[in-house]
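Let's take a walk through this protein chain together. Have a look at the sequence and the fold first, and then read on.

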Amino acid sequence: MRVAFASDDENETTRAVVAALTEEGHEVIRPQGSESWPDLGRFVGRAVVEGRADYGVVMCWTGTGTAIAANKVPGVRAALAWDPWIARGARLWNDANVLAMSLKRLAPDVAVEVLQAFLDTSEPDPDEAANIAAVEHG
Ligand SMILES: O=C(CO)[C@H](O)[C@H](O)COP(=O)(O)O
C-alpha cells in the first residue's frame, strides 16, 4: 500500500514505525520541508484524500495536533490510537483513513503493533456506514 507518513520529531518510535512500513513493503510518502505539525497533518490528509496515498500516519509529541490538522482536510477521518484495539476499532467502526500516534507515549513495539492493527483491518463494518457518512459534513 501507499502510506503517507509525517512526524514533527524523530525518535526510536518514529524510526520503528517507518522501518515497519518499509519492511512490510509499503510505499512511504513523506513531506519535504516543513516540520510544523499543522503543515504535516495537512500534508498527510491531502495525500490521502487526493488519492496519492491509501492511508496516512501522523505523529507528533501527543499525536493530537497532527490529528486535528489532518481532520481539517475534508474527507479525512484521523483517529488517535494508543493500542491495537483502538486502532482496529477506528478502522472497523469509523473507517479511519489516517492513524495518529504520540511519539512520546508509545514504545516502539507498541507503536508498530498499533500500526499493524490499523493497516490489517481492511473493511469497515457495513453496519456503521450510515454513522460514518453522517460525520462527513460536520
Ligand atoms: O504534540 C504536538 C502537537 O500536538 C507537538 O509535537 C508539540 O507541541 C511540539 O511542537 P513544537 O515543536 O512545534 O513546539
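## Charge and surface

Counting side chains, the chain carries 12 positive and 21 negative ones, and the centres of these two sets are 6 Å apart. Please keep in mind that this is a predicted model.

## Overall fold

How many helices and strands does the chain have? There are 6 helices and 5 strands, and along the sequence they follow the pattern β-α-β-α-β-α-β-α-β-α-α. The chain has a radius of gyration of 13 Å, close to the 14 Å that the globule rule gives for 138 residues, so it is as compact as a globular protein of that length.

Taken along the principal axes, the box filled by the C-alpha atoms is roughly 40 × 25 × 25 Å. Of the contacts between residues at least 6 apart in sequence, 68% join residues at least 24 apart.

## The nonpolar cores

Buried residues account for 45% of the 138 residues in the chain. In soluble globular proteins, nonpolar side chains tend to be buried together. Here, the largest nonpolar core has 25 residues, of which Val17, Val57, Leu99, Met101 and Leu115 touch the most other members. The elements giving two or more residues to this core are β1 (2-7), α1 (12-23), β3 (55-60), α4 (84-94), β5 (98-102) and α5 (108-120). Helix α5 provides the largest share of this core, at 7 residues.

Leaving aside residues up to four places away in sequence, Val57 touches Val3, Ala4, Phe5, Ala6, Val17, Val44, Leu99, Met101 and Leu115. Apart from this core lies another one, of 16 residues, with Ala47, Val58, Val73 and Ala100 among them.

## A closer look at Thr14

Is Thr14 buried or exposed? Thr14, which is in helix α1, has a relative accessibility of 3%. Buried means under 20%, so Thr14 counts as buried.

Which residues does Thr14 touch, not counting those up to four places away in sequence? They are Phe5, Ser7, Asp9, Met59 and Leu103. Phe5 is also one of the residues that Val57 touches. As for Ile132, its C-alpha is 29 Å in space from that of Thr14, and the two residues are 118 apart in sequence.

Note on methods. Residues are numbered from 1 along each chain as its sequence is written. This is a predicted model: local features need pLDDT of at least 70, side-chain atom pairs count only at pLDDT 80 or more; totals for chains, interfaces and linings use all residues. Side-chain values use heavy atoms; hydrogens and water are left out. Helices (H or I, at least four residues) and strands (E, at least two) are DSSP runs, numbered from the N terminus. The radius of gyration is taken over C-alpha atoms; the globule rule is 2.2 Å times the number of residues to the power 0.38. Buried means under 20% relative accessible area, exposed over 50%, partly exposed in between (1.4 Å probe, protein chains only). Contact means heavy atoms within 4.5 Å. Lys and Arg count as positive and Asp and Glu as negative; His and the chain ends are not counted. The place of a charge is taken as NZ of Lys, CZ of Arg, CG of Asp or CD of Glu. A nonpolar core is a set of buried Ala, Val, Leu, Ile, Met, Phe, Trp, Tyr and Cys residues joined through side-chain atoms within 4.5 Å.
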